[in-house]
Structure formats: structure tokens, C-alpha cells
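Reader: I have a model open and would like to learn how to read its features one at a time. Could we go through some of them together?

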Amino acid sequence: MNVDHPVLDVEPNIHTIDELIDAFGRSGGFMAGHLYDGVKIMEQMLADPDTTVFLSFTADLVATGLRGLLAKFVERGFADVVITTAGTLDHDLAKSMGGVYFRGTFDADDSYLLREGINRIGNVFVRKEHYGPLIEKAVHGALADVEGVVGVRELIWRIGGGVSDDSSIVKAASRSCVPIYVPGFVDGAFGTALLTLNDMRRARGKSGVLVDVIKDEREIMDIVYSSKKLGAIIVGGGISKHHVIWWSQFKDGLDYVVYVTTATEWDGSLSGARPKEAISWGKVKPTAASSFVFSDATVALPIMFSYVANKLGFRRRNLGIYPWSCSQ
């Protein structure tokens with residue numbers, strides 16, 4: 001219980017992100033206070049040279065304008081490891097290949113959209129020809145000469161190395177030597193494109209690409225064990241959230257953690273579980289600096305990431321945690 005900080009009124013003369021965050025801290029009430037705590041923990045986490053930072057987010061965000069923000073966050077060194085869902089690859093590659101997404105509405109007539117060949121992601125629209133076909137073209141083109149057994153992270157880097165779009169997350173990760181792990185990589189167009197690539201190769205009498213998902217797990221294990229401390233910025237829930245906290249238990253739990261989500265905990269879901277629930281599993285340390293921000297990420301992340309970027313500029317990463325060599 002904290003009774004040291006009185007609640008102060010917010011004045012209507014806020015001009016910068018720093019002033020807004022300070023106002024949130026002074027106002028104290030409800031999610032403003034949680035968001036203030038979250039950005040301060042992020043700042044502390046990213047400034048700690050002994051901490052390996054995991055960034056976890058769900059794919060729906062990449063369909064929005066947050067894609068470029070996430071890419072720049074990676075590019076500035078604010079993430080040592082990215083764990084996400086299959087749709088991140090789908091949306092990122094579709095946009096990189098010229099796919100255009102439009103602002104739509106939650107109240108759209110979905111039967112009409114089906115007839116018109118339009119996919120809906122919440123209140124974002126994308127035409128079918130700007131999605132699946134472009135993703136398949138990107139995957140088939142980038143992996144045309146890849147053979148043998150490879151991990152998903154290696155495939156993503158291979159594709160990212162050929163992307164020219166500066167707002168691309170896979171390009172930023174590939175150029176910055178930041179691994180992207182997608183434990184559910186077959187759950188989307190990316191996985192289907194790998195399947196059709198292998199089918200086409202076999203039809204021509206050639207061997208396909210054998211994806212070794214355990215290779216990715218070994219890499220995550222090596223990174224966790226090589227780290228002195230662990231921190232995580234977890235946006236949304238599902239498999240990407242759980243994969244971060246699952247591996248963290250093998251290092252006695254996260255030292256820093258910030259959750260941003262709109263999921264509720266009273267249905268028993270992993271997506272809505274608070275950081276304190278993870279303490280019971282050993283996935284978050286009892287002494288960890290933690291914050292739970294109940295907010296739409298499209299509102300919270302631009303504020304939080306901009307604040308951290310303004311404060312820290314660029315972060316120098318510890319490249320010694322990786323089971324491969326890379327330069328920065």
C-alpha cells in the first residue's frame with residue numbers, strides 16, 4: 001500500500017509525451033497510474049545492462065498502424081527477443097509486398113465484405129488479393145533455394161533479409177540480429193505458404209524444407225540460460241505471452257514485466273491473467289517490478305514506446321546471450 005503520493009489535478013497544458021506521462025503519475029487514478037508505472041518499469045528494464053528483454057505481441061496489432069512502431073522499437077535495440085503469433089508474419093509480409101489495409105468499422109456487414117472479397121480484422125479491412133497471394137509470393141520467392149532442416153527463426157531472417165520496406169518488423173529483426181520466434185507458425189498464411197512450397201517442390205522431384213521447431217526452442221533455452229536477468233513487455237495474450245513466461249520459469253522468473261491487454265482474468269484465461277498469477281508458477285519473481293496496463297494497445301503503446309525512445313534513444317544490446325555470432 002502506497003500512501004506517500006497524493007493525487008494531484010491534471011492541468012490542460014500538456015504539450016509533450018513526457019508531460020503526459022508525468023501527469024498520469026500525478027493523477028494517480030485508475031489506468032493512468034498503471035500506465036505511468038509501466039513506462040517507468042520499461043525504462044528501468046531497458047536501462048539495466050544485465051537484463052535480456054523479451055517483446056511479445058499478438059498479430060492483430062500488425063494489421064494496424066502500430067507495425068512501423070514495433071519495427072522501430074526493435075531497430076533501436078529495445079528488444080533482445082521477439083515472440084509473436086503467425087499473423088504477424090502474414091500482415092508484415094503482405095504490407096511489405098504492397099498490400100494495402102484500410103480503416104473500416106466493427107459494424108460492417110460481413111456478408112457484404114465476403115461478396116466483395118474483403119477480409120476484416122476488427123475495424124481494419126484488407127482485400128483478399130492483398131493478403132494470401134502476396135504472402136505466398138514472398139515466402140516462395142525468398143525460400144526458393146532453401147533446403148534441408150531449418151528453424152522458423154532462420155526462415156524469418158532469410159525472408160527479412162530480402163524485404164525493402166523500412167516499416168517491416170521482419171526486416172528490422174533480420175538487420176538488427178534480433179530473433180523472432182513464432183511457436184504457432186503454421187496457424188496462418190505463412191505456414192500454408194510453406195506447405196504449398198513443399199508440395200510444388202515434390203511435384204518437381206525436389207526435396208522440401210523441413211522445419212525444426214525444436215531448434216527454435218533450443219535457441220530460446222540457450223538465450224534464457226545465458227542471461228543474468230529477464231524482462232518482458234507483453235502485449236496481448238495467447239501463445240506469444242505464454243511462451244515468454246513459460247521459458248522465464250527456468251531462470252526463476254522475470255525480474256521486470258509489463259502487461260498491456262484488455263483481457264479479463266475472471267474467466268481463468270492465460271490472456272487475462274495478471275503478473276501476480278505467474279508468481280505461483282515461478283514465471284515471475286515475487287520481487288519483480290511489474291505493472292498491468294488494462295488498455296487497448298493501439299492507444300497505450302504509442303505513448304509508452306515514444307516515452308522510452310525519447311528517454312533512452314538507442315539501446316546497446318548484450319549480443320553475448322545468443323547461440324550465434326552477430327555484430328551491431
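**Reading the features**

Author: A search of the whole structure, which is a predicted model, finds eight aromatic pairs.

Reader: Take phenylalanine 73 and phenylalanine 305: what kind of aromatic pair do they form?

Author: A pair of rings is read from the distance between centres and the angle between planes, and planes under 30 degrees apart count as stacked. Phenylalanine 73 and phenylalanine 305 have 15° between the planes and lie 3.9 Å centre to centre, a stacked pair. The two residues are 232 residues apart and link distant parts of the chain, with phenylalanine 73 in helix H3 (residues 66-75) and phenylalanine 305 in helix H13 (residues 297-312).

Reader: Is phenylalanine 73 buried or exposed? And is phenylalanine 305 buried or exposed?

Author: Buried means under 20% relative accessible area. Phenylalanine 73 has 3% relative accessibility, so it counts as buried. Phenylalanine 305 also counts as buried, at 2%.

Author: For contrast in geometry, tryptophan 246 and phenylalanine 250 form an edge-to-face pair, with 5.9 Å between centres and 75° between the planes. Tryptophan 246 is partly exposed at 34% relative accessible area, and phenylalanine 250 is partly exposed at 39%.

Reader: Which residues form one aromatic cluster?

Author: Phe73, Phe78 and Phe305 form one cluster.

Reader: Now helices. How do I describe the way two of them pack?

Author: Two packed helices are described by the angle between their axes and the distance between those axes. Helix H6 (residues 132-142) and helix H9 (residues 189-203) pack at an angle of about 55°, with their axes 9 Å apart. That angle is why H6 is called oblique to H9. The crossing of H6 past H9 is right-handed.

Reader: Which residues in H6 and H9 meet?

Author: From H6 come Ile135, Glu136, Val139 and His140; from H9 come Ala189, Phe190, Ala193, Leu194, Thr196, Leu197 and Met200. By class, this contact of H6 with H9 has eight nonpolar, two polar and one charged residues.

Reader: Why would the contact residues on a helix be spaced in that way?

Author: An α-helix has 3.6 residues a turn, so residues three or four places apart point the same way. In H6, Ile135 and Val139 are among the residues that meet H9.

Reader: At what angle do the axes of H3 and H8 cross?

Author: The axes of H3 and H8 cross at roughly 5° and come within 8 Å. That makes H3 roughly parallel to H8. Arg67, Leu70, Ala71, Val74 and Glu75 in H3 meet Ile169, Ala172, Ala173 and Ser176 in H8. The classes in this contact of H3 with H8 are six nonpolar, one polar and two charged residues.

Reader: How many of the residues of H8 are buried?

Author: Six of the eight residues of H8 are buried, and the helix is mostly covered. The buried ones are Ile169, Val170, Lys171, Ala172, Ala173 and Ser176. They pack against strand E1 (51-57), H3, helix H4 (86-96), helix H7 (152-160) and E7.

Reader: What should I look for in the backbone angles?

Author: Most residues other than glycine have a negative phi. Cysteine 177 has a positive phi of about 60° although it is not a glycine. Aspartate 252 also has a positive phi, near 70°.

Reader: Where are cysteine 177 and aspartate 252?

Author: Cysteine 177 is in the loop between helix H8 (169-176) and strand E7 (180-181). With a relative accessible area of 8%, cysteine 177 is buried. Aspartate 252 is in the loop between helix H11 (238-248) and strand E10 (254-261). With 60%, aspartate 252 is exposed.

Reader: Which residues does tryptophan 324 touch?

Author: Tryptophan 324 is in the segment after H13 and, at 18% relative accessibility, counts as buried. Leaving out residues up to four places away in sequence, it touches Arg153, Trp157, Cys177, Pro179, Tyr181, Glu219 and Ile223. Tryptophan 324 and cysteine 177 are 147 residues apart in sequence and 9.7 Å apart in space, C-alpha to C-alpha.

Reader: And serine 325: is it buried or exposed?

Author: Serine 325 is in the segment after H13 and is exposed, with a relative accessible area of 72%. Serine 325 and proline 275 are 50 residues apart in sequence and 33 Å apart in space, C-alpha to C-alpha.

Definitions and conventions. Residues numbered from 1 in each chain as written. Predicted model: local features only at pLDDT ≥ 70, side-chain atom pairs only at ≥ 80, totals over all residues. Heavy atoms only, no water. Axes fitted to C-alpha atoms, helices over the stretch in contact; angles between N-to-C directions. Helix = DSSP H or I, 4+ residues; strand = E, 2+ residues; numbered from the N terminus. Parallel < 35°, antiparallel > 145°, perpendicular 65-115°, else oblique. Left-handed = near helix turned anticlockwise from the far one by under 90°. Contact = heavy atoms within 4.5 Å. Nonpolar A, V, L, I, M, F, W, Y, C, P; charged D, E, K, R; others polar. Phe/Tyr/Trp six-rings, centres within 6.5 Å; stacked < 30°, edge-to-face > 60°. Buried < 20%, exposed > 50% of the residue type's maximum accessible area, 1.4 Å probe, protein only.
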